[in-house]
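Let's take a friendly walk through this protein, strand by strand and charge by charge. Have the model open beside you as you read.

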Amino acid sequence: MSSFKAFKKLKLNKKIGIVDLYGIYLASRQALGFRVELFAIQDFYIEVWRLTLLPWKPTFYVHTFQKSKKLSPYLDYIDIRSVLPRVSLQK
């Protein structure tokens, strides 16, 4: 069984624990009164949905996916400068 399938079967509190330990933060956005944070673990992505109006409330929902087309809401927010090679423009 893949780590993606195993992760999807976990309960919400276990998913959050794994994201806290192993998730690589990529970006966040606002959607429908929620703060949605995007993380990567191995070969899949995790969205963690939290209520914006109730920041003291625990995580509301965790969405897991593998298809890169689902990253489109984040394209304006992901900063890839740190992973690009430095190129000198001088001759």
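We will start with the strands and then turn to the charged side chains.

This is a predicted model, where local features need pLDDT of at least 70, side-chain atom pairs count only at pLDDT 80 or more, and totals for chains, interfaces and linings use all residues. Residues are numbered from 1 along each chain as its sequence is written, and side-chain values use heavy atoms, with hydrogens and water left out.

Strands here are DSSP runs (E, at least two residues), numbered from the N terminus, and two of them pair if DSSP finds at least two bridges between them. Look at β2 (residues 34-41) and β3 (residues 44-51): they pair in the antiparallel sense over eight bridges. They form a hairpin with two residues between them, and Gln42 in the turn has a positive phi of about 50 degrees. β3 also pairs with β4, again antiparallel, over five bridges; there, Glu47 has His63 as its bridge partner.

Glu47 also forms a salt bridge (a side-chain nitrogen of Lys or Arg within 4 Å of a carboxyl oxygen of Asp or Glu) with Arg29, the closest N and O atoms being 3.1 Å apart. This pair links β3 to β1 (residues 24-31), across 18 residues. Glu47 is buried at 5% relative accessibility (buried is under 20% relative accessible area, exposed over 50%, partly exposed in between, with a 1.4 Å probe and protein chains only).

Glu37 forms salt bridges with Arg35, at 3.3 Å, and with Arg50, at 3.8 Å. Shared partners join Arg35, Glu37 and Arg50 into one network.

Note on methods:
Helix = DSSP H or I, 4+ residues; strand = E, 2+ residues; numbered from the N terminus.
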